[in-house]
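Here is a short briefing for a first look at this structure. Start with the view below, then work through the points by topic.

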Amino acid sequence: MRRIRIVALLMAPLLLAALLPDSMIAAGSNYAPGSLDRYFRLEWQAVPGGSGPKVEGYVYNMADIPAERMVLEIDMLDGSGNVVGKTSPRVLGGAPPGNRAYFQAKVPQAAGYRIEVQSFDWIRVGGGA
């Protein structure tokens, strides 16, 4: 009986580790589609590259507060508009208030792409008690 408990204790972290990646991948966007339109605007284009296509552009932060640790979701679409793949690049450096931030991501070839802000953190600036 004691041996079973020891084996169970040793196996529990391995089982948990096996479950974590699946739950993280399935998480998806943290916000309802369109709910961030008043804060962010995306301007982008798909461009060919020597090592394959990439999507590049800008995230415009229309709020009066910096947005950091921003992650985008890029959906790869087939000819019918169905999602056939996803990638989640980070916007390096964040998006300053009332300004824009550049992003770039290598993507597989697809008929089209759809991009939205997946997650971010507002950063409090200045003093205060």
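Buried means under 20% relative accessible area. By that cut-off, buried residues make up 29% of the 129 residues in the chain. The model is predicted, so confidence comes up before the details; where pLDDT is low, the predicted coordinates should not be read in detail.

**Confidence**
- The chain has a mean pLDDT of 82.
- A pLDDT of 70 or more is reached by 73% of its residues.
- Confidence is lowest in helix H1, residues 2-25, where the mean is 44.
- Confidence is highest in strand E2, residues 54-61, where the mean is 98.
- The pLDDT is below 50 over residues 6-27.
- That stretch, residues 6-27, has zero contacts in the model beyond near neighbours in sequence.

**Overall build**
- One helix and seven strands make up the elements of the chain.
- Their order from the N terminus is α-β-β-β-β-β-β-β.
- Take the contacts between residues at least 6 apart in sequence: 66% of them join residues at least 24 apart.
- The chain exposes about 8800 Å².

**Asn61, a residue in strand E2**
- Asn61 sits in strand E2.
- Is Asn61 buried or exposed? Its relative accessible area is 1%, which is under 20%, so Asn61 counts as buried.
- Its side chain reaches the backbone oxygen of Pro96 at 3.4 Å.
- Pro96 is also on the contact list of Asn61, once neighbours within four places in sequence are left aside.
- That list also includes Ala95, Pro97, Gly98 and Asn99.
- Tyr39, Phe40, Pro66, Ala67 and Trp122 are on the list as well.

**Val84, a residue in strand E4**
- Val84 belongs to strand E4, which covers residues 83-87.
- Is Val84 buried or exposed? Its relative accessible area is 56%, which is over 50%, so Val84 counts as exposed.
- Which residues does Val84 contact, leaving aside neighbours within four places in sequence? They are Met76, Leu77 and Asp78.
- Val84 and Ala110 are 26 residues apart in sequence.
- In space, Val84 and Ala110 are 8.3 Å apart, C-alpha to C-alpha.

**To take away**
- Asn61 is buried at 1% relative accessible area, whereas Val84 is exposed at 56%.
- Read helix H1 with care: its mean pLDDT of 44 is the lowest in the chain.

How values were computed: Residues are numbered from 1 along each chain as its sequence is written. This is a predicted model: local features need pLDDT of at least 70, side-chain atom pairs count only at pLDDT 80 or more; totals for chains, interfaces and linings use all residues. Side-chain values use heavy atoms; hydrogens and water are left out. pLDDT is the predictor's confidence in each residue, from 0 to 100. Helices (H or I, at least four residues) and strands (E, at least two) are DSSP runs, numbered from the N terminus. Contact means heavy atoms within 4.5 Å. Buried means under 20% relative accessible area, exposed over 50%, partly exposed in between (1.4 Å probe, protein chains only). A polar contact is a pair of N or O atoms within 3.5 Å; within protein, one must be able to donate a hydrogen and the other to accept it, and residues adjacent in sequence count only if both atoms are side-chain atoms. Accessible areas come from the Shrake-Rupley method with a 1.4 Å probe; for residues, only the protein chains shown count as cover.
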